[in-house]
Amino acid sequence: MVPKPKDRTIIGTKWVFRNKLDEQGTVTRNKARLVVQGYNQEEGIDYEKTFTPVARIEAIRILIAFAAHMEFELYQIDVKSAFLNGYLKEEYVMQLPGFENSEFSNHIFKLDKALYGLKQALRAWYERLSNFLLKNDFRRGKVDNTLFLKTKGEHLLIVQMYVDDIIFGATYENLCNEFSKMMRSEFEMSMMGELNFFLGLQIKQISNGTMIHQQ
């Protein structure tokens, strides 16, 4: 909490409540999320770049087909509060609704990390995760910048990013375990296990192939 700086945009905040559903449409979690009102941000002052590569659905389908062809299993992990992991240079927001400090009513919050709603939040998260993977001997795909590859001897580990969801698989099972452990050392993760539901696709991996459907 700091005094209001001069000549800087102070961004408003609000709470957003929503239900998270599973593939059957059943409510699995009630989520409360603090969101900043990013429409108040000014380009060139509050942020510089917002463009972030996002995997296309065709890339996901190709990865599933490749895994089926090479006969290895795909897994999925979810980064908890992914957008809160991105580092910021400088950003200021109003005090949180319902949690205002009456003693310092004229103060605001200076952010060190991103919040949902910031125009540069997705880019900050992508840069944080991609830099972490590159430092750990992954190489970025030349065509798809959300695809990362790592080789160990004759074996291959493939990682596909889609915002805060990560699909991965390897031709050697131990590489998957090593990747999961590596990610948990840096981020708060929830291991979701075998890939079975992604972007509205229901996926069933069986011994003689993989079925994709949308019930």
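**Entry 1**

I began with tryptophan 15, which lies in strand β2. Helices (H or I, at least four residues) and strands (E, at least two) are taken as DSSP runs, numbered from the N terminus. I noted that this is a predicted model, in which local features need pLDDT of at least 70 and side-chain atom pairs count only at pLDDT 80 or more, while totals for chains, interfaces and linings use all residues. Residues are numbered from 1 along each chain as its sequence is written, and side-chain values use heavy atoms, with hydrogens and water left out.

I then looked up the partner of β2. Strand β2 (residues 13–21) runs antiparallel to strand β3 (residues 27–36), and nine bridges join them; two strands pair if DSSP finds at least two bridges between them.

**Entry 2: surface around Trp15**

Trp15, Phe17 and Phe99 form a nonpolar patch on the surface, with about 380 Å² of accessible area together. Patch residues have over 30% relative accessible area and no salt bridge; like charges are joined within 9 Å, nonpolar side chains (Val, Leu, Ile, Met, Phe, Trp, Tyr) within 5 Å. A salt bridge is a side-chain nitrogen of Lys or Arg within 4 Å of a carboxyl oxygen of Asp or Glu. Areas come from the Shrake-Rupley method with a 1.4 Å probe.

**Entry 3: the three-stranded sheet**

I next traced an open sheet of three strands, ordered β12-β13-β14 with antiparallel pairing. Its edge strands, β12 (197–198) and β14 (209–213), each pair on one side only. Five bridges join β13 (residues 201–206) to β14, and glutamine 205 stands opposite threonine 210 in β14. Helix α1 (residues 57–70) packs on the sheet, touching β12, β13 and β14, where contact means heavy atoms within 4.5 Å.

**Entry 4: positive phi outside glycine**

I recorded glutamate 71, which has a positive phi of about 60 degrees although it is not a glycine. Glutamate 71 sits in the loop between α1 and β4 (74–79) and is exposed, at 71% relative accessible area. Aspartate 137 has a positive phi near 70 degrees. Aspartate 137 is in the loop between α2 (121–135) and β7 (139–140) and counts as exposed at 61% relative accessibility.

Note on methods:
Axes fitted to C-alpha atoms, helices over the stretch in contact; angles between N-to-C directions. Buried < 20%, exposed > 50% of the residue type's maximum accessible area, 1.4 Å probe, protein only.
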